[in-house]
Amino acid sequence: MSAVPIIEARELSRRFGGRAVVTNVSLNLNEGESLALIGPNGAGKTTTLGMLTTALRPDSGSVRIAGQDALADPRRARAMLGVLFQDPALDDRMTPRETLRLHAALHGLPRRDTAALVADALERAGLSEAADRTIRGFSGGMKRRLELARALMHEPRLLVLDEPTLGLDPQGRLDLWARIGALRASGMAVLMTTHVLSEAESFDRVGILDGGRLVALDTPRALKLAHGGSSEASLDDVFFHLTGRALRDGDAPLRPALVRRRA
Ligand SMILES: Nc1ncnc2c1ncn2[C@@H]1O[C@H](COP(=O)(O)OP(=O)(O)OP(=O)(O)O)[C@@H](O)[C@H]1O
């Protein structure tokens, strides 16, 4: 059976204020496949995800989502994507039930099904009891579970996650990671950025971004053999071999929001 492409991105480039932030990034992702993008702060991971998910228009290049031109018809592309942004995107004056109802309406899900779909999503997220409380008092883990439930409600073909476990406590991290693992096992295609190399290690393929360029893209094992010297090497070793720098010593400064959450 031939692989069905979910993402086909060609030569994506984007500048901010005259500075090239992403340059000529091309990548494919097939149905059922997982791809992790790693790279130091400022490497262009979030900008790349933005262009792949129609949140950000590239200066040049093309993106197809499930065969559709995402730049020509972003609405249609978005219907096939479930996205978890790096910064929580919830209105904390709302309740989880209201949040999911709104999402159902925005995605044009049948009104007669909404109550049942929302109840089901709340149950899966372990938020049934908290369904009618305002989000304001929720833990980081509860918020992420709600965002994940929302991202999945319209049954996307691809889940896109920007640093999904950032800022979570160890329990929240493990819980979210188990949920992502179960989705992958069910055949969901997943594209993720991460700083946690052990998270990237478990993905089918890893893309390494440095200075806005995709310097390598392959299975973790192939990357280690080609650039780390052996299959026992770490992705840190691979990055160092490819760029001459350590993955965690990116020359771009940490963004204030990130520093705050990591402190
Ligand atoms: N809207 C914007 N306006 C100006 N510069 C931007 C904008 N968005 C991103 N940049 C800059 O582009 C570069 C790449 O940012 P991006 O967020 O894509 O990197 P990243 O690899 O996701 O980093 P991090 O790991 O910190 O999230 C950074 O130098 C950033 O400051």
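Strand S4 (residues 60–65) and strand S5 (68–69) run antiparallel to each other and pair over two bridges; two strands count as paired if DSSP finds at least two bridges between them. Isoleucine 65 has glutamine 68 as its bridge partner in S5. Helices and strands here are DSSP runs (H or I of at least four residues for helices, E of at least two for strands), numbered from the N terminus. Welcome to a predicted model, in which local features need pLDDT of at least 70 and side-chain atom pairs count only at pLDDT 80 or more, while totals for chains, interfaces and linings use all residues. Residues are numbered from 1 along each chain as its sequence is written.

**The antiparallel sheet**

- S4 and S5 belong to an open sheet of four strands, ordered S2-S1-S4-S5, with antiparallel pairing.
- At its edges are strand S2 (19–30) and strand S5 (68–69), each of which pairs on one side only.
- Helix H1 packs on this sheet and touches strand S1 (5–16), S2 and S4; contact here is between residues whose C-beta atoms, placed from the backbone, lie within 7 Å.
- The direction of H1 makes about 125 degrees with that of S1; axes are lines fitted to C-alpha atoms, for helices over the stretch in contact, and angles run from 0 to 180 degrees between N-to-C directions.

**Two loop residues to look at**

- Most residues other than glycine have a negative phi.
- Alanine 66, in the loop between S4 and S5, has a positive phi near 45 degrees.
- Alanine 66 is buried because 20 other C-beta atoms lie within 10 Å; the cut-offs are 20 or more for buried, 12 or fewer for exposed, and in between for partly exposed, with C-beta atoms placed from the backbone.
- Threonine 54 sits in the loop between H1 and S4, and its phi is also positive, at about 70 degrees, although it is not a glycine.
- Threonine 54 counts as partly exposed, because it has 19 C-beta neighbours inside 10 Å.

**The mixed sheet**

- Six strands make up another open sheet, in the order S6-S7-S8-S3-S9-S10, and their pairing is mixed.
- Its edge strands, S6 (81–84) and S10 (213–218), each pair on one side only.
- From one strand to the next, the twist averages 15 degrees.
- Strand S3 (residues 34–38) and strand S8 (residues 189–193) pair in the parallel sense over four bridges, and valine 190 in S8 is the bridge partner of serine 34.
- Helix H1 (residues 45–52) packs on this sheet too, touching S3, strand S7 (158–162), S8 and strand S9 (205–210), and its direction makes about 155 degrees with that of S7.
- Helix H9 (residues 235–243) lies across S3, S9 and S10, running at about 45 degrees to S9.

**Helix H6 and its end**

- Helix H6 (residues 170–185) has 16 residues and spans 22 Å from first to last C-alpha, close to the expected 22 Å; that expectation is 1.5 Å times one less than the number of residues.
- Alanine 185 lies in H6 and counts as exposed, because it has 8 C-beta neighbours inside 10 Å.
- Alanine 185 and valine 118 are 67 residues apart in sequence, and their C-alpha atoms are 23 Å apart in space.
- Glycine 187 follows H6 and has a positive phi, near 105 degrees.

**What the record says**

- An unreviewed UniProt entry places the feature "domain: ABC transporter" at residues 7–236; such positions use the numbering given here, feature names are shortened, and annotations may be inferred rather than shown by experiment.
- Residues 7–236 are 36% helix and 27% strand, and the end C-alpha atoms of this span lie 27 Å apart.

Terms used:
Contact = placed C-beta atoms within 7 Å.
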